[in-house]
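Please read these comments beside the model.

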Amino acid sequence: MKELFTQFIKEKRFLSNLSPSTIKSYKLSFQWFEKLNGDLTKSALANFVIGLRESGMNPGGCNVKIRSINSFLTWCYENGHNPENLRIKKLKGEQVVIKTFSDAHIGAFLDLKPKGQYDWRIYATVCLLIDSGCRIDEVLSMRTDCVDMEQLMINIRGKGSKERFVPISLEMRKILYLYMNRQRFKVGQLLFPTRTGLKMNYHNFLRDFKLLCKDLGVEGARTSPHGLRHYYNEPQKLDRWLRWKKVIRLR
């Protein structure tokens with residue numbers, strides 16, 4: 001079983017080009033699968049889910065593990081390692097409504113007046129998340145040559161290393177122009193690096209973002225970078241080009 005899973009991971013990594021975070025999720029799920037005496041039989045798969053629930057894991061957490069193991073089961077069937085196309089049925093969970101940021105919250109972020117290098121980095125990052133709707137890892141992975149000031153575009157590499165171009169507003173261009181000029185970046189350098197020039201870790205940015213929310217008095221919403229993506233995608237919110245009205249000013 002372990003040899004099969006190792007081969008599965010290799011193919012997903014090098015042939016399907018899955019992201020490191022997805023590969024990590026698969027490996028963690030398989031560790032649970034082994035721990036709970038997982039085997040490629042219906043009864044063993046049922047015991048696997050029962051074991052997850054008995055450990056105190058909620059339905060949402062179980063479904064993450066189930067999706068990973070289902071991917072492995074499909075691979076085993078398609079490659080002739082198991083004669084039956086087994087699947088684990090996902091669990092029903094409570095439908096939780098995610099509390100997104102309000103227009104007032106967004107206004108508080110945009111009204112921030114950055115001073116030093118640290119302030120400018122988090123301000124420009126948050127503004128880009130609001131303006132583009134991109135994922136936080138996509139933004140943290142950006143380099144200076146990914147910004148096309150003339151065409152008002154940023155080049156994003158997303159899930160599965162798929163490349164796409166995302167438009168930005170004139171106001172966002174102002175912020176990026178000021179930010180990049182202050183930092184004196186070199187061509188090809190990370191756009192939002194750490195002090196040592198490395199890519200910022202998601203958890204470090206999450207920590208800084210939560211501190212920013214606390215300082216600005218942003219409450220009653222899911223204070224995570226992905227919450228800005230939820231705000232961007234909500235159709236009843238203000239048009240994204242109008243959110244910047246009377247907010248951007250040259251500093």
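**Notes on the predicted model**

1. The structure holds 17 aromatic pairs, where rings of Phe, Tyr and Trp (its six-membered ring) pair if their centres lie within 6.5 Å, planes under 30 degrees apart counting as stacked, over 60 as edge-to-face and the rest as tilted. F30 and F33 make up a tilted pair, with 6.1 Å from centre to centre and 35° between the planes. One aromatic cluster is formed by F5, F8, Y26, F30, F33, F48, F72 and W75.

2. This is a predicted model, in which local features need pLDDT of at least 70 and side-chain atom pairs count only at pLDDT 80 or more, whereas totals for chains, interfaces and linings use all residues. Residues are numbered from 1 along each chain as its sequence is written, and side-chain values use heavy atoms, with hydrogens and water left out.

3. F30 and F33 both belong to helix α2 (residues 20–35), three residues apart, or about one turn of the helix; helices (H or I, at least four residues) and strands (E, at least two) are DSSP runs, numbered from the N terminus. An α-helix has 3.6 residues a turn, so residues three or four places apart point the same way. Both F30 and F33 are buried, that is, under 20% relative accessible area, with exposed meaning over 50% and partly exposed in between (1.4 Å probe, protein chains only).

4. K35 has its charged end over the ring of W32, 4.7 Å from the ring centre; the criterion is that NZ of Lys or CZ of Arg is within 6 Å of the ring centre and within 35 degrees of the ring normal.

5. K42 lies in helix α3 (residues 42–54) and is exposed, with a relative accessible area of 58%. Apart from neighbours within four places in sequence, K42 is in contact (heavy atoms within 4.5 Å) with E84 and L86. K42 and E84 are 42 residues apart in sequence, and their C-alpha atoms are 10.0 Å apart in space.

6. Of the 16 residues of α6, 13 are buried, which leaves this helix mostly covered. Just after α6, G133 takes a positive phi of about 75°.

7. Three strands form an open antiparallel sheet in the order β1-β2-β3, two strands being paired if DSSP finds at least two bridges between them. β1 (147–148) and β3 (163–167) stand at the edges, each with a single partner strand, so one side of each has no neighbour in the sheet. Strand β2 (residues 153–157) is joined to β3 by five bridges, and I156 has R164 in β3 as its bridge partner.
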